[in-house]
Amino acid sequence: MKYLLLINTWSPESGVERPAGEPTVEEFMAFEKAVTDAGVKVDGQALDLEHATTVHVRGDGKRVVTDGPFAETREMVGGYYLIDVPDLDAALDWAARCPGARYGTVQVRTVWEPDAA
Amino acid sequence: MSGEGAAGSVEAVFREDRGRLLALLAARFGDLDLAEEVVSDAMETALERWPVDGVPDRPPAWLLTVARRKALDRIRRDRVQAARLAALRVEADRAAEPGFDDIPDERLRLFFTCCHPALPVEARTALMLRFLAGLTTPEVARAFLVPTATMAQRIVRAKRKIRDARIPFRVPGPEELPGRLPGVLRAVYLVFTEGYAASSGDGLMRPGLADEAVRLARILDGLLPGEREVKGLLALLVLTDARRAARVDAAGNQVLLEDQDRTLWDAGLIAEGRRLVVAALTGPGAGPYAVQAAIAALHDEAVSFDDTDWPQIVALYDVLLRIEPSPLVALNRAVAVAMRDGPKAGLVLLDDLSGAAELRRYHLFHAARADLLSRLGRRAEAADAYRAALALTGNEPERATFQRKLTALTGGSREPGRGL
């Protein structure tokens, strides 16, 4: 079963100072290695926090493009992992091991499969 | 046997063993909906067959066999589920179908699934009552005083999450258990407290829920006999429940602990609770339920309110405050200190706690302050505190109690009162 781990971190645009204790690159590399060695990683990337662009197509078909993430939030998605594990408990274990869970939050989402509905 | 008698046996078996049947089928097929449907189907079949064929020797085993066949039929028919059939084939082709008594009890898995931290708290208690206590959705809805449609929606949503997010039917391993068991115990405790002091509505107690909580705690204790906190929880529930008959008078009015007729307390439950407390406290590092049970035992053992061993109760609250600090525990400790050292000492502690927003919103915090103020003769302040308590409770008998006390303070009539 595929789960998406959305790694939420503090948005640099939020106006508040990013708290200390941000995980190091080495910590993320160690997690990357663990998730790869366990054979559960399907995909995973860190995202650029600076240059988000938001697209919104209005009812009249008009395309609205704006700079920045969609909402004025203190948190934004800083990276993701798509993992394939047997059940939610296994996904939650990986999410808890992710360095991002100690700094921001890691949201665990199931991949919607039309057949399951 | 008459048709009516057979129908009665179906219901008796059903109520008693529904949880076990559901747990077995959910564990085997990994699908709570499917388990629920086939258990209902099997019961319908029983209602048709038993009046004609007679009640089988081992009714639960009969129901299980029928339910399993129906589950396999459904999976075969269901194209979406077909892929899972291969994995289940070995299981299905096993020639011997063991009787119910030979099958392991899988209800512990169901407890952990129903109380999974990924589910909202109000869904956990509802799922437990629905699947482990065997209540129907309308019964669960009535117990929590919400419309049936609301409760049905809550349960359906939770079941969908269990299925779609694939919350597993498994007992956490030894390293995870200490993190997960408190959530299960908390859900059982919440069922009890909801039944014991209903947060809204006319009845002070909804005994149905308290009974179900005790039943769930007993099942859990049977499944995890080595877990002392399960014994602690069961002890706390039976020692509290033992006072049920004395908590309400003939007119339906609430009777406070200090005014209760202690001869009405259930000696059998108290004896059972005391045995359990000893087991729960024996060994290093007693848990919070064991300590609370020990406090309840001290109340139950006292021949009168004034004879209560308050120094020991304060000492136990000190322990509780250390292992599970919370404003609520601090409140209870302050009340015990007031009993040990007098209302003034208790009031100092309560006033120190008034910074906690959680307590300022809690009617019993204001009621406790009101009681101490009134014992100190500070009637105007006591009346204000009762008004604050009144504004915060939705429970009718409690409102009546506060109103009575308030009238006594403001109406000029002499409150029998303590202390002064």
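Author: Happy to! Let's start with what covers the buried residues of helix H2 of chain A: the cover includes strand S1 (2-10), helix H1 (25-37), strand S5 (75-84), helix H3 (100-103) and strand S6 (105-110) of chain A. Helices (H or I, at least four residues) and strands (E, at least two) are DSSP runs, numbered from the N terminus. This is a predicted model, where local features need pLDDT of at least 70 and side-chain atom pairs count only at pLDDT 80 or more, while totals for chains, interfaces and linings use all residues. Residues are numbered from 1 along each chain as its sequence is written, and chains are lettered from A and ligands numbered from 1 in the order in which they are written.

Now the helix itself. H2 spans residues 88-97 of chain A, and its buried residues are A:Leu88, A:Ala91, A:Leu92, A:Trp94 and A:Ala95. A residue is buried if 20 or more other C-beta atoms lie within 10 Å of its own, exposed if 12 or fewer, and partly exposed in between, with C-beta atoms placed from the backbone. As a general background, nonpolar side chains in soluble globular proteins tend to be buried together.

Let's step back to the whole of chain A. Its secondary structure comes to 3 helices and 6 strands, and along the sequence they follow the pattern β-α-β-β-β-β-α-α-β. The C-alpha atoms of chain A fill a box of roughly 45 × 45 × 20 Å, taken along the principal axes. Of the 117 residues in this chain, 19% count as buried. Two residues are in contact if their C-beta atoms, placed from the backbone, lie within 7 Å. Among the contacts in chain A between residues at least 6 apart in sequence, 77% join residues at least 24 apart.

Among contacts in chain B between residues at least 6 apart in sequence, 62% join residues at least 24 apart.
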